[in-house]
Amino acid sequence: MGFLNIMGNSFGCSASGERLVSAARDGDLQEAKALLEYNPRLARYSTFGVRNSPLHYSAAQGHHEIVSLLLESGVEINLRNYRGQTALMQACQYGHWEVVQNLMLFRANIHRTDYLNGGTALHFAALNGHTRCIRLLLADYVPSMPNFCEIMRKRTSRHNPAVDFELGALLRVSNKPADGGITALHMAALNGHVESTHLLLDLGGSVSDVTVEDGTTIDLIGAGSTPLHYAACGGNVQCCQVLIARGASLTAKNANGWTPLMVARSWHRHWLEGILSKQPEARRVLPSPYLSLPLMSVVKIARDCGWRNSDVQPSCIDPCAVCLERKCTVAAEGCGHEFCTRCALYLCSTNNTSVISAGPPGSITCPLCRKGIVSFVKLPGTHAIKEMPRPSLSLSLCTACTSESSDSVSISSSLCKPDFTCTQFSSPSTRSSLRSVGCQKFPSKKLKVSLCLGGSEAEPSLVPRGEHDQRVRSQLRCLRASLRRSVSDGDKKTSCFSL
């Protein structure tokens, strides 16, 4: 029986899985919806070899609506491809901040590392200078409090009882090294991404962290190099200036005995001679315009109360002043202006103005009164949504739909869409191999996840037993005998390998 299930699911899922991959890659939302309604297990499909799932393709192409659809269908959010990359890493690599926002709202794991160089999603975002993605990745670690920038400058949170966030957690995430000890700040400085370098420094990036000798990393600068060494190699003047203003040492030597000035000379960055040869006068560097303090507060509200298009209410009496479509669910602390959660998320995620608002550094400007917003609060009439338990859907490569979980959470058949019983095969009387016969729909009922996804024989069956089981066992014996005869016959070695 298990053999028949595997073979039937493999034939049914491969073609549909490829269609879902194409829809995810091309941004065809309607096609993706139709396929997932027919078989939600297709969300776990992965292409042969590279093992990219539809979630990987849609994230890499920036199709955030399809990403949300796949996540709501129950796909594992931290699926890896053959390189160990998650959808979050690929979205950060290509700078699709809306995809990153959706993945973060669904609690994607930002600590996962890829198999090739040990880089996290933060490394991918910093490597390509995607500052909005960096801000979203660290949203859960940057508190919505007015004195955050002062705390980061003085690093006094561990001795200050008034501080209600763990500074050490933020520092560990922002300075997590990849292979060779390379941090996100190293990558941003090397590639000359000034905005990303500036934001990482505001979020706890260390100017004194050095690289280490590592056999899997090709380091042309040398072990023991600081971010300033990498900035000198990259040759960007502003990156060097920002790092020096934040305390980077001009005299630090790496394992080769090179200072940042010597690195610049070896790479023929002659325009950095004046900057790296003498310590400039101390001057205060303003916080990054990409710093967004209210982001943590609105992300928490969005997770609790929802944020998607399903809350559109054209006839709303008091709609959001920004979109004029949705009910107001959050209010800005201070000015008290009310917005819907989706618009508040958009304001916090897209803010990158160089104009300092009338508020603490890192606050965003209210679009109605131009005052600075530090945090959002949930309105009294806003209710938390009940998160429906999502089944653990499994589909291995392009072969079988097997069950990885035996959770006993009861769900309705309309959620899993188990429209058909197990595929049956007729007795193989010819060399034409296997031929599927009529399938029977079963009525809507409360099902276990393990049953919907193909549970063990010890569990209750979805089809009647008795004569039907005897017929299936008889067909299976005939099938096995036919396959053995086909393999043993020298002139007919085709049937079992041509499947």
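**Figure 1. Surroundings of Thr120 in the predicted model.** Besides its neighbours within four places in sequence, Thr120 is in contact (heavy atoms within 4.5 Å) with Ile110, His111, Arg112, Thr113 and Lys176. The model is predicted, and local features need pLDDT of at least 70, side-chain atom pairs count only at pLDDT 80 or more, and totals for chains, interfaces and linings use all residues. Residues are numbered from 1 along each chain as its sequence is written, and side-chain values use heavy atoms, with hydrogens and water left out. Thr120 sits in the loop between α6 and α7 (121-127); helices (H or I, at least four residues) and strands (E, at least two) are DSSP runs, numbered from the N terminus. With a relative accessibility of 5%, Thr120 counts as buried. Buried means under 20% relative accessible area, exposed over 50%, and partly exposed in between (1.4 Å probe, protein chains only). The side chains of Thr120 and His123 are joined by a polar contact of 2.9 Å. Such a contact is a pair of N or O atoms within 3.5 Å; within protein, one must be able to donate a hydrogen and the other to accept it, and residues adjacent in sequence count only if both atoms are side-chain atoms.

**Figure 2. The aromatic pair of Trp97 and Tyr346.** The whole structure holds 2 aromatic pairs. Rings of Phe, Tyr and Trp (its six-membered ring) pair if their centres lie within 6.5 Å; planes under 30 degrees apart count as stacked, over 60 as edge-to-face and the rest as tilted. The ring centres of Trp97 and Tyr346 are 6.1 Å apart and the planes stand at 55 degrees, so this pair is tilted. Trp97 belongs to helix α6 (residues 97-105) and Tyr346 to helix α18 (residues 341-350), so the pair ties together parts that are 249 residues apart in sequence. Trp97 is buried at 14% relative accessibility, whereas Tyr346 is partly exposed, with a relative accessible area of 49%.

**Figure 3. The aromatic pair of Phe339 and Phe376.** This pair is edge-to-face, with 6.3 Å from centre to centre and 80 degrees between the planes. Phe339 lies in strand β2 (residues 338-339) and Phe376 in strand β5 (residues 376-378), and the pair links these distant parts of the chain, 37 residues apart. Phe339 is buried, its relative accessible area being 0%. Phe376 also counts as buried, at 4% relative accessibility.

Figure 4. In the order β2-β1-β5, 3 strands form an open sheet with antiparallel pairing; two strands pair if DSSP finds at least two bridges between them. β2 and β5 are the edge strands, each pairing on one side only. Strand β1 (residues 330-332) runs antiparallel to β2 and is joined to β2 by 2 bridges. Ala331 has Glu338 in β2 as its bridge partner. Helix α17 (residues 295-305) lies across β1 and β5, at about 25 degrees to β5. Axes are lines fitted to C-alpha atoms, for helices over the stretch in contact, and angles run from 0 to 180 degrees between N-to-C directions.

**Figure 5. Helix α14 and its ends.** Helix α14 (residues 237-245) has the buried residues Cys239, Cys240, Val242, Leu243 and Ile244. These buried residues of α14 pack against α11 (184-190), α12 (194-202), α13 (227-234) and α16 (273-277). At the start of α14, the backbone nitrogen of Gln238 has a side-chain oxygen of Asn236 within 3.0 Å.

**Figure 6. Two loop residues with positive phi.** His268 is not a glycine, yet has a positive phi of about 60 degrees. His268 is in the loop between α15 (260-266) and α16 and is exposed, with a relative accessible area of 63%. Leu324, not a glycine either, has a positive phi of about 60 degrees. The loop between α17 and β1 holds Leu324, which is exposed at a relative accessible area of 58%.

**Figure 7. Arg25 over the ring of Tyr57.** Arg25 lies over the face of Tyr57, 5.5 Å from the ring centre. A charge sits over a ring if NZ of Lys or CZ of Arg is within 6 Å of the ring centre and within 35 degrees of the ring normal.
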